[in-house]
Amino acid sequence: MIVGAGAIGGTVGAVLTRAGLPAVLVARGRHAEVLAARGITLRTPDGALRTPVSAAASPEEVRLTDRDVLVFTTKTQQLDAALEEWVDQPVHGPRGVVGTAGDVLPAMTALNGVAAEEKALRYFRRVFGVCVWLPAVHLEPGEVIVRSWPVVGQFHVARWPATRGTVGDAQLLRGLAEQWTAAGIVVRVPDDVAPWKYNKLLSNLGNAVGALCAPGTDATGIVAALRSEGETVLRHAEIEFVSFEASNAERAADGPVIRPVPGSSAGSGNSTWQSLSRRTGDVETDFLNGEIVRIAHRTGITAPLNAALARAARTAVRDNTGPGAHSAAQLALLLGIEPTTAV
């Protein structure tokens, strides 16, 4: 059950379906209607592919069984509502109802940031953290732009927290790694996914920069400053994270390879850019840059650059300005960075 069939969830559901693996894509509004009526279209570097899929608009439209897995692929700011919708749904076995989803089913959190897993533990007994590396964009109902093909992504997946794993969990993860990797989503199963999630958190600190700056803007200096501050905060808090050297090497080994998608002009394409482009009324910045701010405050220090960027993203949402409203120099001024070091 793919809960949140946007860029990540839509791609996952489509490639699993194409590989003959049963998957249901759960979406809302017009997107759900198009999925149910016409299937999903993946626009890939090798052309457009339309795939009929099983789709639902709510938990009431599906019948959960004890062999199901819930994969949450919403944005973090939307996750609480999704967890509440699914946690008490009945789960059926061969002889009737065997419990609720929260008691029985595995819940996988394929979201950016590091807040989703702790949120999920409030509702689900078996939580699996997923570090997602999948370059895709969802802007139009029934369509996802996938920037790598036929390998669409690389996931690191493990029980959360790492010490809670069981024999059944190991079997689930082995099957997941075998089947999903064959479908085009390379799955790796580390002992602990948390260091990978924090590595991805650092990587995502530049998402709002890519969303707020005009297309073609060189803001590498701003992103570097944000990540440097983030690494300082994590080290101060004694939080382990995978280095960029290690993550880049692993992703280069068998991960997705980004190539141009014919006819696509989807800007930076990151999740924050997509939210501003679609005018969703929210962004996940407070769970990315804001997470660094939270950790800094919790340990008695500050993270002024990440705090200022989170504030700029919230302002863009409130003002409904859409993406690309700033130059690198303007954004540097907002963050308190010398313009000469912003590029």
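Me: Which handedness does the β-α-β unit of S14, helix H6 and S15 have?
Reply: This is a predicted model, where local features need pLDDT of at least 70, side-chain atom pairs count only at pLDDT 80 or more, and totals for chains, interfaces and linings use all residues. Residues are numbered from 1 along each chain as its sequence is written, and side-chain values use heavy atoms, with hydrogens and water left out. A crossover counts as right-handed if the path from the first strand over the helix to the second runs clockwise, with the strands pointing away from the viewer. S14, helix H6 (residues 167-183) and S15 form a unit that is right-handed.

Me: Which residue in S15 is the bridge partner of Gln154?
Reply: Helices (H or I, at least four residues) and strands (E, at least two) are DSSP runs, numbered from the N terminus. Strands S14 (residues 153-160) and S15 (residues 185-188) run parallel, joined by four bridges. Two strands pair if DSSP finds at least two bridges between them. In S15, Gln154 is bridged to Val186.

Me: At what angle do the axes of H9 and H12 cross?
Reply: Two packed helices are described by the angle between their axes and the distance between the axes. Axes are lines fitted to C-alpha atoms, for helices over the stretch in contact, and angles run from 0 to 180 degrees between N-to-C directions. The axes of H9 (residues 220-236) and H12 (residues 289-298) come within 9 Å, and the crossing angle is roughly 35°.

Me: How many residues in the contact of H9 with H12 are nonpolar?
Reply: Contact means heavy atoms within 4.5 Å. Leu226, Gly230, Val233 and Leu234 of H9 meet Asn289, Ile292, Ile295 and Ala296 of H12. The contact has two polar residues, no charged ones, and nonpolar residues numbering six. Ala, Val, Leu, Ile, Met, Phe, Trp, Tyr, Cys and Pro count as nonpolar, Asp, Glu, Lys and Arg as charged, and the others, Gly among them, as polar, so the nonpolar count is six.

Me: What is omega for the cis peptide bond from Trp160 to Pro161?
Reply: Pro161 lies in the loop between S14 and H6. The bond from Trp160 to Pro161 is cis, with omega near -10°.
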